[in-house]
Amino acid sequence: MEAVGYSLCRIWLLFLLFWLGQGRQMAPPGFVESSCHSRIFWMKLNKFLLQGKFFQLEINDPYVGPVLLDEKLASRCGYVLSEDVWGNPVFRASVLGCHVANKADELFSLTVNIKVSSFSSMRAAVTYTYPMYCSYSSWASREIVCEENYMEVSVRTDVPAVSNDYTVAWMSALPETQNVAYQLWQLMFVSPSGRKTITVSDAAKLGYSFNNTLSRVYLRAPYHTNESDVSVVSGVNMNMVTSTSMYRQRWLLLLIDTTVSCPVDGISFTDTTLTWTVPSVIPTLVVQESTFLSKTILMGVDGRVIVNPEEKNYLLEHNETHIGINVPIGAEGGKLKSSISGGVYGVIYSIDLFLEHTWTDADWQTTKYTVIKSITTPFMPQIPTVINNTLPEERLFNVAFGHFLPDVSLVAIAIGNVPFTLREAQRHGFKIYETPFSNRTKGFVLEVSFDDPYVLKEYVNRNETKYTLLVNYSMSVGPERTPYYHSAEVECVIADIELPEAVGYCDEENLYLVIPTFGLHRYWNLYLGSKPLNRHVALSNGYLAATNSTHLILQIPLFAVGVIYEEVSFQKIKARFDVALRKVRTMETLQMFSVRCNFNSSAFIICHPDGTIMISAQMKTIPAIDMSKTKLRDSSCKPREYNEEHAFFKFHVTTCGTSVRFEGDHIIYENEITYEKETLPRQSIPTITRDPDYRLTVLCYYQAKETLVLGAFANDPSTSPPFGAGTMVPRSNIAVYRRIRQALNVVSRVSKDESFTEFYEPNVAIIKQPVEPVFLEVELKDESPDAELYLENCWVTGSLDFNSTPRWNITVDGCEINGSEYVGEFCPVAVSPRVRHPAHFKRLAVRTLTHRLEQVYVHCLVAACSPTNALPGSPCRGQCSSRWERKVFPGRLSASLQGYILAGPVWIVDPDLR
């Protein structure tokens, strides 16, 4: 029978274990962490093992089974369910709480069921059973715990006698104690509204919890009940429940003071520190303050006592009235969290503190006072900073954007309002990476080249560029991934622009300026005085302008508008031409490009802005005359200088008999140079003389809107009025001679390449390197299909003057000449839409063998021949088939017409200038 009974017991035990184990498992490693401190169970769950899941806690009562933990049960039974600063669920329970197994007020155990499910309804939940144990035997006479949601006081039942200070109050309560039920605990609350006596069961309905153990009585109360009161102690608001626990048995009436008081504030903040203040002495808990003696003060973080707070930069201090804990914002043990408020980035700091104060007094011997406080600072704005680590020498923006906590991520950027994802930004060539800072924060570094098209560029000062990087950051902040946007502007100014340097030189008749074209019209413009020097101004003033990819070449005739005559004397002119380099936006003058040369001129007229006229007259007469006897209209105005062939006059428009008249928008000043003839002394007429007649009319033209400046030469060309235009009649016969030679209707043009399909515009200088040929095309404008054009003689000179020297022949009598300086080669002409009669065209490729910078012109004498109307001695010949053999035109010798063409100027530019 005993064996049968034993077997039955084993069967029932196995059945019970099977029933208890249904759906229950042991918690996985690392999921639960627990401890016991200051008679409180501490349990923490790992949030990473709960990601994407739901959980509930049940209190496993050994008698009634699992009890679901809710908010109401928590405050009444001494439980707290919250989160630590890292987001891990935390459960705390008093060892005197409900459903805690108590063994002789020394050993305590509590079993918690942790239910985890993937569904909010908690279906298909997995239950982990976790037992906790706590050993606590060093009870003080009175222990008070101030938790987040409840206040608890426990008192030994062998309490001392009532203090004399309470005698009057307690004696007045005796009539009410007469109504205390026999062998039943009752509670009497004293508040500003009066006294209230209720049973323990009624107190439970109000949220209180009262019970007794083997050696103690405890009362647990929520904050801010109707029976509580708020008082200010040393500047700290205290929530206080004044109560007396009463028990009557036979002739015994037991009255136990179960008053409890806890701080509800006492937190203050600065930008760098949080301070938690608790009163050192609480009058409602220490009646006889003269006997108060503080024994120990401990602080802890996250449930662990900090033995040496100063090692973690905490400060624990106390005096007669206060206990203070100072914690630096961001200190170890707490957590900084990023946050966004009103579009502003900031941080919130949280830390879980507790304070344990032990004191003695005459009434209670020893009191252990424990306060647990979770503190979170208000939102603290932290405006991010942009750190400019730009490297000008590497032409690279290096911008660090911080400081941010680790919970901030960079999502995208926009450069110059052009959005980029991080991947797109990397592909474009931007470099983005994180960088750590010393205060456990981080930043985001962006590297962008100055030359990136999205970087703004502005020309500033003389030779500097201001590079501007406009960045818009898109951030994700905190676990909530709150969007945050911040814009930044970074500038860097570097001297990376080289101001152009001009090269100037002169020939016999012109001044030249060679100016680099880099930056023209983008950074700066050229100005002639107060007017921009553009193509229209250049053509109007008689300048020739030629450009290529690198340089502008200006040819300025000696007597053109804008030339400054610094010194004018007999047969010598010291002339200067200035061009100002000005900033496009501000018109500030940066450079003055000047070319200054001395000219030897045998004949000239200069009409100066101040009304001074200077003339060098060349008198070529047969027979020769005495130049010292020439004069102006006013015979007292003689030459200032002279020699056998020249006379130099200088006078003002208001003197020497100068007349003035108006024509259109011009003022014309006129005078004349004459010669007084010498006659033989005879008494009768006619007079005998060997001197020829000579009369030279001098004209100066001024714009009617310009005001003459009376005075010396102006030193500042930018403020100097323009010179007048001068004319001497009779004029040189060179132009007349040239027009006679142009009787034949021919035109010339210069092609851009050997295809002869694109041509340079007339009056525009052409830029060529020494190795590049000049392709010249001459066309006969004649409707006769039998006519044929020939290039008789062609030569190259440095001037447009027909008779200028030196000259280099490239064709002679229609044949190519290979000279030492220039080489000419005929090009074939074929029928095309533009060429109906190839015989009306001649094409010539001219190459230079030199490498110097010079300006050249190509001159050609041409002839048009026809098989009919032949005349003896005609210059028409066939084109050369070899250097020594000439091909005669078939049939009879033809009659011919001659003509003249001029092409140029062509600039032969050294490759280094290009």
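This briefing describes selected strands, sheets, cores and local backbone features of one structure. The model is predicted, so local features are given only at pLDDT of at least 70 and side-chain atom pairs only at pLDDT 80 or more, while totals for chains, interfaces and linings use all residues. Residues are numbered from 1 along each chain as its sequence is written, and side-chain values rest on heavy atoms, with hydrogens and water left out. Strands are DSSP runs of E with at least two residues, numbered from the N terminus.

- Strand β7 spans residues 89-94, and six of its six residues are buried, so the strand is largely enclosed by the rest of the structure. Buried here means under 20% relative accessible area, exposed means over 50%, and partly exposed lies in between (1.4 Å probe, protein chains only).
- In a regular strand the side chains alternate between the two faces of the sheet.
- In β7, P89, F91 and A93 point one way, whereas V90, R92 and S94 point the other way, and all are buried.
- Strand β3 (residues 40-45) pairs with β7 in the antiparallel sense over five bridges; two strands count as paired if DSSP finds at least two bridges between them. M43 has F91 of β7 as its bridge partner.
- Strand β6 (residues 79-83) also runs antiparallel to β7, and five bridges join the two. Here S82 has V90 of β7 as its bridge partner.
- β6 and β7 form a hairpin with five residues between them, and G87 in the turn has a positive phi of about 90°.

**Nonpolar cores**

- The largest nonpolar core holds 82 residues, of which Y369, F397, I413, L446, Y473 and M475 touch the most other members. A nonpolar core is a set of buried Ala, Val, Leu, Ile, Met, Phe, Trp, Tyr and Cys residues joined through side-chain atoms within 4.5 Å.
- Strand β28 (residues 344-361) gives the most to this core, with seven residues.
- A second, separate core has 39 residues, among them Y523, L554, A575 and L581.

- The bridge partner of L274 in β26 is V327.
- The other open sheet has the order β58-β60-β65-β64, and its pairing is antiparallel.
- Its edge strands, β58 (746-751) and β64 (822-827), each pair on one side only.
- In this sheet, neighbouring strands are turned by 25° against each other on average, direction ignored.
- Six bridges join β60 (residues 774-780) to β65 (residues 841-848), which run antiparallel. E777 has R843 of β65 as its bridge partner.

**Residue I59**

- I59 lies in strand β4 (residues 54-61) and is buried, with a relative accessible area of 0%.
- I59 and V112 are 53 residues apart in sequence but 4.9 Å apart in space, C-alpha to C-alpha.

- Most residues other than glycine have a negative phi, and most peptide bonds are trans.
- The peptide bond from G402 to H403 is cis, with omega near 0°; H403 belongs to strand β32 (residues 396-404).
- A cis peptide bond also joins T805 and P806, with omega of about 0°. P806 is found in the loop between β61 (788-797) and β62 (807-812).
- A104 is not a glycine, yet it has a positive phi of about 60°. A104 lies in the loop between β8 (101-103) and β9 (107-117) and is partly exposed at 45% relative accessibility.
- N313, likewise not a glycine, has a positive phi of about 70°. N313 is placed in the loop between β24 and β25 and is exposed at 57% relative accessibility.

Conventions
Helices (H or I, at least four residues) and strands (E, at least two) are DSSP runs, numbered from the N terminus. Axes are lines fitted to C-alpha atoms, for helices over the stretch in contact, and angles run from 0 to 180 degrees between N-to-C directions.
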